Amino acid sequence: MGTGMCSRRQKGLLQTGFCLVTVACLGSGVFMYNHLQQKVRNAEALAQKYKQQQEALSAQLQVVYEHRSRLERSLQKERGEHKKTKEDFLVYKLEAQEALNKEKVGMVCSSEYNQHEDVKKQLLDLQLQHNSLKLEHRKTLESHSQKYAQLQQEKDSEVTNLQGEFSILLESCKF
């Protein structure tokens with residue numbers, strides 16, 4: 001026989017070896033395909049979980065914004081009421097001053113003096129109440145500002161973490 005030809009026995013072994021290599025390649029291909037499919041399913045589940053978490057954080061942030069808006073409206077209302085009270089007080093103060101001047105010209109009446117003292121006490125009480133409300137409002141505003149900043153920081157850090165994990169997943173899927 002020639003040098004380029006294989007014997008029948010070698011030909012059968014060669015065909016068997018080729019078939020075994022083909023079956024092994026097909027088997028490893030199927031295994032790799034199943035393995036990649038599982039990785040894709042896991043990545044999709046993880047992405048869905050992170051999307052739900054992001055939606056929950058967005059909803060919480062929306063609630064914080066709405067609460068802040070209500071607080072701002074309440075603050076504006078309080079400012080308006082304060083301005084009106086202050087104007088009323090100034091009008092009342094001027095009226096009281098005029099009344100006091102009239103009394104000084106005339107005789108000082110003890111009942112008017114007592115009324116003036118009561119007004120002073122009321123004024124003092126109103127000023128104390130106003131300062132208390134002002135302090136309470138400032139504390140509430142600071143508290144909500146801190147909570148808002150904390151929620152924003154948590155959201156930013158979680159978004160950063162999610163982006164990092166997503167890029168790691170993309171890199172792992174490429175390989």
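## Pockets, helices and aromatic contact

The largest pocket is lined by 23 residues, and those nearest its centre are E78, H82, H130, L133 and K134. A pocket is found on a 1 Å grid over the protein atoms alone, as an open set of points with protein on both sides within 12 Å along at least five of seven lines, whereas a cavity is a set of points where a 1.4 Å probe fits but cannot get out; lining residues have an atom within 4 Å of a point. This is a predicted model, in which local features need pLDDT of at least 70 and side-chain atom pairs count only at pLDDT 80 or more, while totals for chains, interfaces and linings use all residues. Residues are numbered from 1 along each chain as its sequence is written, and side-chain values use heavy atoms, with hydrogens and water left out.

**Largest pocket**

- The elements that give two or more residues to the lining of the largest pocket are α1 (8-105) and α2 (110-174), where helices are DSSP runs (H or I, at least four residues) and strands are runs of E (at least two), numbered from the N terminus.
- With 13 residues, α2 gives the most to this lining.
- The volume of the largest pocket is about 820 Å³, a volume being the space filled by probe spheres set on grid points that are joined across faces, edges and corners.
- Sorted by class, its lining has seven nonpolar, nine polar and seven charged residues; here Ala, Val, Leu, Ile, Met, Phe, Trp, Tyr, Cys and Pro count as nonpolar, Asp, Glu, Lys and Arg as charged, and the others, Gly among them, as polar.

- One cavity of 30 Å³ or more is found in a search of the whole structure, and about 40 Å³ of space lies in the largest cavity.
- The largest cavity is lined by L57, Q60, L61, L151 and K155, with α1 giving the largest share, three residues.
- Of the residues lining the largest cavity, three are nonpolar, one is polar and one is charged.

**Aromatic pair**

- The structure holds one aromatic pair, and the pair, Y65 with Y148, counts as tilted because the ring centres are 5.3 Å apart and the planes stand at 50°.
- Rings of Phe, Tyr and Trp (its six-membered ring) pair if their centres lie within 6.5 Å, and planes under 30 degrees apart count as stacked, over 60 as edge-to-face and the rest as tilted.
- Y65 lies in helix α1 and Y148 in helix α2, 83 residues apart, so that the pair links distant parts of the chain.
- Y65 is partly exposed at 33% relative accessibility, and Y148 is partly exposed at 22%; buried means under 20% relative accessible area, exposed over 50%, and partly exposed in between (1.4 Å probe, protein chains only).

**Annotated spans**

- UniProt, in an unreviewed entry, lists "coiled-coil region" for residues 33-88 and 116-161; its positions are given in the numbering used here, feature names are shortened, and annotations may be inferred rather than shown by experiment.
- Residues 33-88 are 100% helix and 0% strand, with their end C-alpha atoms 82 Å apart.
- Residues 116-161 are likewise 100% helix and 0% strand, and their end C-alpha atoms lie 66 Å apart.
- The feature "transmembrane region" is placed by UniProt (unreviewed entry) at residues 12-33, a span that is 100% helix and 0% strand with end C-alpha atoms 31 Å apart.

**Cysteines**

- Zero disulfides are found in a search of the whole structure, a disulfide being a pair of cysteine sulfur atoms within 2.5 Å.
- For C25, the closest cysteine sulfur is that of C19, and the 12 Å between the two sulfurs is too far for a bond.
- C173 counts as partly exposed because its relative accessibility is 38%.

- A56 is found in helix α1 and is partly exposed, with a relative accessible area of 40%.
- F89 also belongs to helix α1 and is partly exposed at 23% relative accessibility.
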